Amino acid sequence: SILGRSYHERVVDHYNNPRNIGSFVKDDLAVGTGLVGAPACGDVMKLQIKVDDSSGRVVDARFKTFGCGSAIASSSVATEWVKGRKMEDVLSIKNTEIAKHLALPPVKLHCSMLAEDAIKAAVKDYEAKLAKSNAGPKTID
Ligand code: FES
Ligand code: FES
């Protein structure tokens, strides 16, 4: 039963001391922004990655989450896990790994799903911006 179940200490830790909270400038070409919502509850998560183009690695990450404790903890963990990883490795982060790490109960699985979706959306946004900038006319700034 989930009644009487208390949160895992890692959830409490990430909820009380969220890592990498905040925002990057969205227009920065090195930044990918993922903004996703959970239909199940209406919560919203924004996760951003900063990518070093030459190495193809995520060098930094930020998040802002309007949602439950599990969603906040999931996004906090996600920002820790994406840092230093290559883009393809970032895409292999599964919500089930995050849920396992935080010992989320089944009713809270969608909260970790939000984090996986946000990572994927951030990568997609970064790649779309990059493709656009490579295709478009060169500008001097
Ligand atoms: Fe932070 Fe594991 S406790 S990522
Ligand atoms: Fe909706 Fe957690 S209850 S994200």
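**The hairpin and the sheet**

Analyst: Let's start with a hairpin made by S1 and S2, which has 6 residues between the two strands. Gly42 sits in the turn, with a positive phi of about 85°. Keep in mind that this is a predicted model.

User: Ok, and how many bridges join S1 to S2?
Analyst: There are 7 bridges, and the two strands run antiparallel. In one of these pairings, Val36 has Met45 in S2 as its bridge partner.

User: How many strands are in the sheet, and in what order?
Analyst: The sheet is open and has 3 strands, in the order S1-S2-S3, with antiparallel pairing. S1 (31-37) and S3 (57-66) are at the edges with a single partner strand each, so one side of each has no neighbour in the sheet. On average, neighbouring strands are turned by 15° against each other, ignoring direction.

User: What actually holds strands together in a sheet?
Analyst: Strands of a sheet pair through backbone hydrogen bonds, and they can do that parallel or antiparallel.

User: And how do S2 and S3 pair?
Analyst: S2 covers residues 44-52, and it pairs with S3 in the antiparallel sense over 9 bridges. If you want a spot to look at, find Lys50, which stands opposite Asp60 in S3.

User: Which helix lies across S2 and S3?
Analyst: That's H2, residues 69-82, running at about 170° to S3. H5 (residues 109-135) packs on the sheet too, touching S1 and S2, and its direction makes about 140° with that of S1.

**The helices**

User: How do H2 and H5 cross?
Analyst: Their axes come within 8 Å and cross at roughly 35°. The crossing is right-handed.

User: Which residues meet there?
Analyst: From H2 you have Ser70, Ala71, Ser74, Ser75, Ala78 and Val82, and they meet Cys111, Ser112, Leu114, Ala115, Ala118 and Ile119 in H5. The residues of this contact divide into 8 nonpolar, 4 polar and no charged.

User: H5 again! Does its span agree with what its 27 residues should give, or disagree?
Analyst: It agrees: at 1.5 Å a residue, the 27 residues of H5 should span 39 Å, and the end C-alpha atoms are 39 Å apart.

User: Which residues in H5 are buried?
Analyst: Among them are His110, Met113, Glu116, Ala122, Val123 and Tyr126. The buried residues of H5 pack against S1, S2, H2, helix H3 (87-90) and helix H4 (95-102).

**A few single residues**

User: New topic: where is Lys64, and is it buried or partly exposed?
Analyst: Lys64 is in strand S3. There are 16 other C-beta atoms within 10 Å of Lys64, so it counts as partly exposed; a buried residue would need 20 or more.

User: What does Lys64 touch?
Analyst: Leaving out residues up to four places away in sequence, Lys64 touches Ile21, Ser23 and Lys46. Lys64 and Gly37 are 27 residues apart in sequence and 12 Å apart in space, C-alpha to C-alpha.

User: Which residues other than glycine have a positive phi?
Analyst: Asn20 is one of them, with phi near 60°, and Ala103 is another, with phi near 55°.

User: Where are those two?
Analyst: Asn20 is in the loop between helix H1 (9-16) and S1, while Ala103 is in the loop between H4 and H5.

User: And how exposed are they?
Analyst: Asn20 is partly exposed, with 17 other C-beta atoms within 10 Å. Ala103 is partly exposed as well, with 13 within 10 Å.

Terms used: Residues are numbered from 1 along each chain as its sequence is written. Chains are lettered from A and ligands numbered from 1 in the order in which they are written. This is a predicted model: local features need pLDDT of at least 70, side-chain atom pairs count only at pLDDT 80 or more; totals for chains, interfaces and linings use all residues. Two strands pair if DSSP finds at least two bridges between them. Helices (H or I, at least four residues) and strands (E, at least two) are DSSP runs, numbered from the N terminus. Axes are lines fitted to C-alpha atoms, for helices over the stretch in contact, and angles run from 0 to 180 degrees between N-to-C directions. Two residues are in contact if their C-beta atoms, placed from the backbone, lie within 7 Å. A residue is buried if 20 or more other C-beta atoms lie within 10 Å of its own, exposed if 12 or fewer, and partly exposed in between; C-beta atoms are placed from the backbone. A crossing is left-handed if the near helix is turned anticlockwise from the far one by less than a right angle, and right-handed if clockwise. Ala, Val, Leu, Ile, Met, Phe, Trp, Tyr, Cys and Pro count as nonpolar, Asp, Glu, Lys and Arg as charged, and the others, Gly among them, as polar. The expected span of a helix is 1.5 Å times one less than its number of residues.
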